[in-house]
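I opened this model to look up its charged pairs, its rings and its core. My notes are below.

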Amino acid sequence: FLLNTLFIMSSKRTFKRHLNEIVFDIVEECFYLQLTDESKMKDTDKLIDEAATFQDEVLSRVYKSKSKKEFSEISVLVNEKAQYFVEKLNKLNK
């Protein structure tokens, strides 16, 4: 499972769209895993909840950000967390 995880400085609208795409990809992959292997239901549900919570937290920070520096810090956080989600999904796919 691979995500295009590199965020560059962009508009808030574009940033939010990319964040939503990442979360959608995570949820979609989790649903696929649930359909193919019911024993992974608990782990995938947990990952879906974690992704949704992360999305809410990031969107809240984006709305509150007032400077490009804050926005850049959020971008770095999203890149790191996206990599984390990729690693978690790869482990579940084994």
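**Ground rules**

I am working with a predicted model, where local features need pLDDT of at least 70, side-chain atom pairs count only at pLDDT 80 or more, and totals for chains, interfaces and linings use all residues. Residues are numbered from 1 along each chain as its sequence is written, and side-chain values use heavy atoms, with hydrogens and water left out.

**Helix 1**

I took helices as DSSP runs of H or I with at least four residues, strands as runs of E with at least two, both numbered from the N terminus. Helix 1 covers residues 12-36. I checked its length against an expected span of 1.5 Å times one less than its number of residues. For its 25 residues that gives 36 Å, and the end C-alpha atoms are 36 Å apart, so the two agree.

Next I asked which residues of helix 1 are buried. Buried means under 20% relative accessible area, exposed over 50%, and partly exposed in between, with a 1.4 Å probe and protein chains only. The list is F15, L19, I22, V23, I26, V27, E29, C30, L33 and Q34. I then looked for what covers them, and the cover includes helix 2 and helix 3.

**The core**

I searched for nonpolar cores, meaning sets of buried Ala, Val, Leu, Ile, Met, Phe, Trp, Tyr and Cys residues joined through side-chain atoms within 4.5 Å. The largest has 22 residues, and F15, L19, I26, L47, V58 and V78 have the most contacts inside it. Helix 1, helix 2 and helix 3 each give two or more residues to this core. Helix 1 supplies the largest share, eight residues.

I picked out V58, which is in helix 2. V58 counts as buried because its relative accessibility is 2%. Contact here means heavy atoms within 4.5 Å. Leaving aside neighbours within four places in sequence, V58 is in contact with F15, L19, I74 and V78. I also noted K16: V58 and K16 are 42 residues apart in sequence but 9.0 Å apart in space, C-alpha to C-alpha.

L47 was my other pick. Not counting residues up to four places away in sequence, L47 touches I26, C30, F85, K88, L89 and L92.

**Salt bridges**

How many salt bridges does the whole structure hold? I found three, taking a salt bridge as a side-chain nitrogen of Lys or Arg within 4 Å of a carboxyl oxygen of Asp or Glu.

- K40 pairs with D37, closest N and O atoms 3.9 Å apart. K40 is buried at 14% relative accessibility, whereas D37 is partly exposed at 26%.
- K81 pairs with E50 at 3.5 Å between the closest N and O atoms. This pair links distant parts of the chain, 31 residues apart: K81 lies in helix 3 (residues 68-92) and E50 in helix 2 (residues 41-64). K81 is partly exposed at 22%.
- K69 meets E73 at 4.0 Å, N to O. They are four residues apart in helix 3, so about one helical turn separates them. K69 is exposed at 59%.

**Rings**

I found three aromatic pairs in the whole structure. Rings of Phe, Tyr and Trp (its six-membered ring) pair if their centres lie within 6.5 Å; planes under 30 degrees apart count as stacked, over 60 as edge-to-face and the rest as tilted. F54, Y84 and F85 form one aromatic cluster.

K81 turned up again here. Its charged end sits over the ring of Y84, 4.5 Å from the centre. The test is NZ of Lys or CZ of Arg within 6 Å of the ring centre and within 35 degrees of the ring normal.
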